[in-house]
Amino acid sequence: MDVKSLLFANLMLVAMATTLAPKKCCFPDQFESIDGKVVGTTSAGKGVAVSANYQLAFDYTNQRLAEFAYIEDQGELTKFQYIVDYAKGVEYIIQIASIVSACSKGKLPPQATMLHCIPDDAIYTGSLYYGDRQINVDVFKFSSQTEPLAGNITLSVTKGECIPFNSVVTGQLYDVPTLFVDSFSNYTNGIRDPSKYFTVPDLCPKSFSNETTRYVTPFVRIL
């Protein structure tokens with residue numbers, strides 16, 4: 001095969017791959033989900049694994065995210081509530097305790113955005129199915145270089161509905177080597193009780209507890 005024929009064949013393969021690749025989709029405007037997360041990182045030179053479960057509410061219509069987090073670290077279970085209001089540039093972190101709870105109010109950095117769609121620069125890496133082709137997902141890979149995260153994100157979403165299915169993140173968070181593995185389940189379209197997620201508790205301060213939070217996108221944050 002001569003050079004021109006080889007070049008033409010390569011161009012045809014690229015064109016076919018571009019044609020077959022699914023469009024970059026956007027997640028549903030409002031939904032609830034459960035996120036099971038395992039985080040691998042280092043502490044004092046030793047490997048550490050942290051597991052957590054999150055009850056999530058994504059509200060892209062009103063630009064806000066909330067979650068209840070149950071984090072187990074070295075046998076100790078801690079419960080948190082997080083409310084992130086992008087429209088107001090505010091994040092609340094509430095530690096829920098049986099005796100005394102605490103709340104902090106942080107200002108989101110200007111670059112903090114609520115990731116609603118697969119990024120334009122994401123690369124489609126293929127499609128998978130689970131069960132007897134009952135769940136079909138498209139897999140995309142993209143990178144994050146926005147402080148405090150520097151790494152690569154692999155995110156799979158259901159074909160057609162674009163519901164987040166699972167994600168894997170490898171890189172450095174706060175300059176510490178970190179691995180995130182997330183699995184999303186119990187998806188529900190819409191948010192049944194928004195007040196459950198987005199009502200700010202009375203114990204939260206009116207003024208900011210710090211100048212600016214080091215915010216991480218909801219698909220990779222430890223919480």
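Q: As what does Arg64 count at 22% relative accessibility?
A: In this predicted model, local features need pLDDT of at least 70, side-chain atom pairs count only at pLDDT 80 or more, and totals for chains, interfaces and linings use all residues. Residues are numbered from 1 along each chain as its sequence is written, and side-chain values use heavy atoms, with hydrogens and water left out. A residue is buried under 20% relative accessible area, exposed over 50% and partly exposed in between, with a 1.4 Å probe and protein chains only. Because its relative accessibility is 22%, Arg64 counts as partly exposed.

Q: With which side chain does that of Arg64 meet in a salt bridge?
A: Side chains of opposite charge can pair when their charged atoms come close. A salt bridge is a side-chain nitrogen of Lys or Arg within 4 Å of a carboxyl oxygen of Asp or Glu. The partner here counts as buried because its relative accessibility is 1%, and the N to O distance to Arg64 is 2.8 Å. The side chain that Arg64 meets is that of Asp59.

Q: How many residues apart in sequence are the parts that Lys159 and Asp138 tie together?
A: Lys159 forms a salt bridge with Asp138, and their closest N and O atoms are 2.6 Å apart. Lys159 lies in the loop between β9 (149-158) and β10 (164-173), while Asp138 lies in strand β8 (residues 135-144), so this pair ties together parts whose separation in sequence is 21 residues.

Q: Which residue's backbone oxygen does the side chain of Thr178 reach?
A: Thr178 is found in strand β11, and it counts as buried because its relative accessibility is 8%. Leaving aside neighbours within four places in sequence, its contacts (heavy atoms within 4.5 Å) include Val39, Gly40 and Thr41, as well as Val169 and Leu173. The side chain of Thr178 also comes to 2.8 Å from a backbone oxygen, and that oxygen belongs to Val176.

Q: Where is the place of Cys162?
A: Cys162 is not a glycine, but it has a positive phi of about 60°. With a relative accessible area of 1%, Cys162 is therefore buried. Its place is in the loop between β9 and β10.

Q: How many of the 10 residues of β4 are buried?
A: Strands are DSSP runs of E with at least two residues, and helices are runs of H or I with at least four, numbered from the N terminus. Strand β4 is largely enclosed by the rest of the structure, because the buried residues among its 10 number seven.

Q: Over how many bridges do β4 and β5 pair?
A: Two strands pair if DSSP finds at least two bridges between them. Strand β3 (residues 64-73) pairs with β4 in the antiparallel sense over 10 bridges, and Tyr70 has Lys79 in β4 as its bridge partner. On the β5 side, the bridge partner of Val84 is Glu91. The pairing of β4 and β5 is also antiparallel, and its bridges number seven.

Q: Which residue takes a positive phi near 70° in the hairpin of β4 and β5?
A: In the hairpin of β3 and β4, which has two residues between the strands, Gln74 takes a positive phi near 55°. The hairpin of β4 and β5 has four residues between the strands, and there the residue with a positive phi near 70° is Gly89.

Q: With which residues is Ala87 in contact, leaving aside its neighbours within four places in sequence?
A: Ala87 is found in the loop between β4 (76-85) and β5 (90-96), and it is exposed because its relative accessible area is 63%. Its C-alpha atom is separated by 9.5 Å from that of Thr113, which is 26 residues apart from it along the chain. Beyond those sequence neighbours, Ala87 is in contact with Asn62 and Gln63.

Notes
Polar contact = N/O pair within 3.5 Å; in protein donor to acceptor, adjacent residues only side chain to side chain.
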